[in-house]
Amino acid sequence: MELRKENILIVDDDVNILELLQRHLKSWNYHIFKAISVKEAVTILRDTKIDLLITDLKMPEIDGSELIKFASEHYPNVPKLVVTGFPSVQDSLVAIKSGVVDYLNKPFTKTELEAAIKKSISQHDKSAQSQRDHLKKRESYGEIIGTSDKIYEVIQIIERVKDNRATVFIKGESGTGKELVAREIHYQGKFSRAPFIAVNCGAIPENLLEAELFGYVKGAFTGADTNREGFFQAANGGTIFLDEIGNASLAVQSRLLRVLQEKEVTKVGATKAEKIEVRVVSATNSDLRALITKQRFREDLFYRLTVVEIGIAPLRERKDDIEILVDKFLFKYGIEYKDRFVKIDQEALSVLKRYDWPGNIRELENVIQSAVIMSDKTISVAHLPAHLKFNISEHSASLEPLKVVEKRYIEKVLRATGNNKTKAAEILQIDRKTIRQKLHD
Ligand SMILES: Nc1ncnc2c1ncn2[C@@H]1O[C@H](COP(=O)(O)OP(=O)(O)OP(=O)(O)O)[C@@H](O)[C@H]1O
Ligand SMILES: [Mg+2]
């Protein structure tokens, strides 16, 4: 029997309809994924490559039209077919506006269903080229969200390294997504079935790190009462992510060098080395070159670790990503905490865009998470932490002396009071003489 490749996701709150659709689709050899709520559907869309989304419109909690809207934004390449028992002009308009390929009314015959599915999938095939172009500007790559050129450059490097074992070194401020990039290098590539092991070299006490990384044999040191594998052995075939690599002691560094040069590890206390195939991705937000000058980091290891370098720009240098990040976090936390989509008003969004985000994406995600909890349906400025509202851009060229700002404000109050100095003095809570002085300074 010919096996079709297409994965079809069907979403309906009515299990009978789900069963019926499943029976038909199975008989045409499609792979079926079922969801009885939008929430479930979103999880499936996130984890699976779906070729066609079939959804009902009227559903409790989150409506099918919201799902269509979401899928059109986040998965524009997936064709969509709406099946509904309540055909109304309004519904169809909403659906078509948000990019639905086809529309099928209940009750439908098996033939009508098959025709609609084929039409949706074939229209999709025809526009494959334009979709490939769209890929270039897709909103996310795995879990990495962003459409800025800076993020696109990062994604292009990931594409080049994901299927080989070249060492990758990731630089970036705290919260810029270094660990996330390391994960995508692993999970998007062909070794993704092998383990990904993340080790924070800064969090493990120096004297333990060596044994944790490379393993040890019984009797190697006090307390070593059995043989143990290290993180390297555990990551064999896959990827080890060495975070805060600048914290590794010189002893660990020389062992690491050996792993990279000889492709073998020796457990602490062992004499024999074991062969190993591991991709090493490392990261730091400290300056490794400065550590080299101070002879705290081996230069030869540095070059081994940095065959490919990825620099992740801080969020303030790619502010055009803020809106889409906010959008995705609103969706994520809206579903998680409120079982619905939470929106943000324009004013609050512009506060977020003005802020400089010293804690980068981690800080933005935390702000949205707490704002979702604090708000009902829409986030407004009142739901944002105070320090965001009064943010002064440290990188702004327009910082001015207090005197200048003061003078401008006094002039503004005077204009507002029709040049009534007594009134202005009252508002400013200074006397008229001071006003005159400050204006003529
Ligand atoms: N481009 C992005 N899209 C979506 N989420 C992101 C992005 N970048 C970072 N994040 C999220 O922000 C948080 C911080 O990311 P991550 O831990 O990878 O940063 P980091 O650079 O390793 O930070 P640190 O230096 O503090 O360890 C994570 O929850 C991550 O999922
Ligand atoms: Mg990190």
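1. Gln 429 is found in the loop that runs between H19 and helix H20 (432-440). In this model, which is a predicted one, Gln 429 takes a positive phi of about 55 degrees although it is not a glycine. With a relative accessibility of 70%, Gln 429 counts as exposed, because the cut-off for that class is over 50%.

2. Which other non-glycine residue deserves a look for a positive phi of about 50 degrees? That residue is Glu 244, which, although not a glycine, has this positive phi, and its place is the loop between strand E10 (239-243) and H11. Glu 244 has a relative accessibility of 32% and therefore counts as partly exposed, whereas Gln 429 counts as exposed.

3. The crossing of H18 with H19 is right-handed. On the H18 side the contact is made by Tyr 409, Ile 410, Val 413 and Leu 414, and these meet Lys 421, Ala 424, Ile 427 and Leu 428 in H19. Sorted by class, the residues of this contact are 7 nonpolar, no polar and 1 charged.

4. The crossing of H9 and H11 is left-handed, while that of H18 and H19 is right-handed. From H9, the residues Leu 209, Glu 210, Leu 213 and Phe 214 meet Ala 251, Val 252, Arg 255, Leu 256 and Val 259 from H11. This contact of H9 with H11 comprises 7 nonpolar, no polar and 2 charged residues.

5. How many salt bridges does a search of the whole structure find? The search finds 23, and one of them joins the side chains of Lys 34 and Glu 19, with an N to O distance of 3.6 Å. Lys 34 sits in strand E2 (residues 31-35) and Glu 19 in helix H1 (residues 15-27), so that the pair, 15 residues apart, links distant parts of the chain. Lys 34 counts as partly exposed at 34% relative accessibility, and Glu 19 is likewise partly exposed, with a relative accessible area of 41%.

6. Glu 317 and Lys 150 also form a salt bridge, in which the closest N and O atoms are 3.9 Å apart. Glu 317 belongs to the loop between strand E14 (308-312) and helix H14 (322-338) and Lys 150 to helix H7 (residues 149-161), so the pair ties together parts of the chain that lie 167 residues apart in sequence. The relative accessibility is 46% for Glu 317, which counts as partly exposed, and 37% for Lys 150, which counts as partly exposed too.

7. In the salt bridge of Arg 165 with Glu 277, the closest N and O atoms are 3.2 Å apart. Arg 165 lies in the loop between H7 and strand E8 (168-172), and Glu 277 in the loop between strand E12 (274-275) and strand E13 (279-284), so this pair ties together parts that are 112 residues apart in sequence. Arg 165 counts as partly exposed at 27% relative accessibility, and Glu 277 as partly exposed at 36%. Elsewhere, Lys 171, Arg 289 and Glu 309 are linked in a network of salt bridges.

8. The last point concerns a glycine. Is Gly 64 buried or exposed? Gly 64, which lies in helix H3 (residues 64-74), has a relative accessibility of 0% and therefore counts as buried. Leaving aside residues up to four places away in sequence, Gly 64 touches Thr 55, Asp 56, Leu 57 and Met 59. Gly 64 and Val 11 are 53 residues apart in sequence, with a C-alpha to C-alpha distance of 8.3 Å in space.

Methods
Residues are numbered from 1 along each chain as its sequence is written. Chains are lettered from A and ligands numbered from 1 in the order in which they are written. This is a predicted model: local features need pLDDT of at least 70, side-chain atom pairs count only at pLDDT 80 or more; totals for chains, interfaces and linings use all residues. Side-chain values use heavy atoms; hydrogens and water are left out. A salt bridge is a side-chain nitrogen of Lys or Arg within 4 Å of a carboxyl oxygen of Asp or Glu. Helices (H or I, at least four residues) and strands (E, at least two) are DSSP runs, numbered from the N terminus. Buried means under 20% relative accessible area, exposed over 50%, partly exposed in between (1.4 Å probe, protein chains only). A crossing is left-handed if the near helix is turned anticlockwise from the far one by less than a right angle, and right-handed if clockwise. Contact means heavy atoms within 4.5 Å. Ala, Val, Leu, Ile, Met, Phe, Trp, Tyr, Cys and Pro count as nonpolar, Asp, Glu, Lys and Arg as charged, and the others, Gly among them, as polar.
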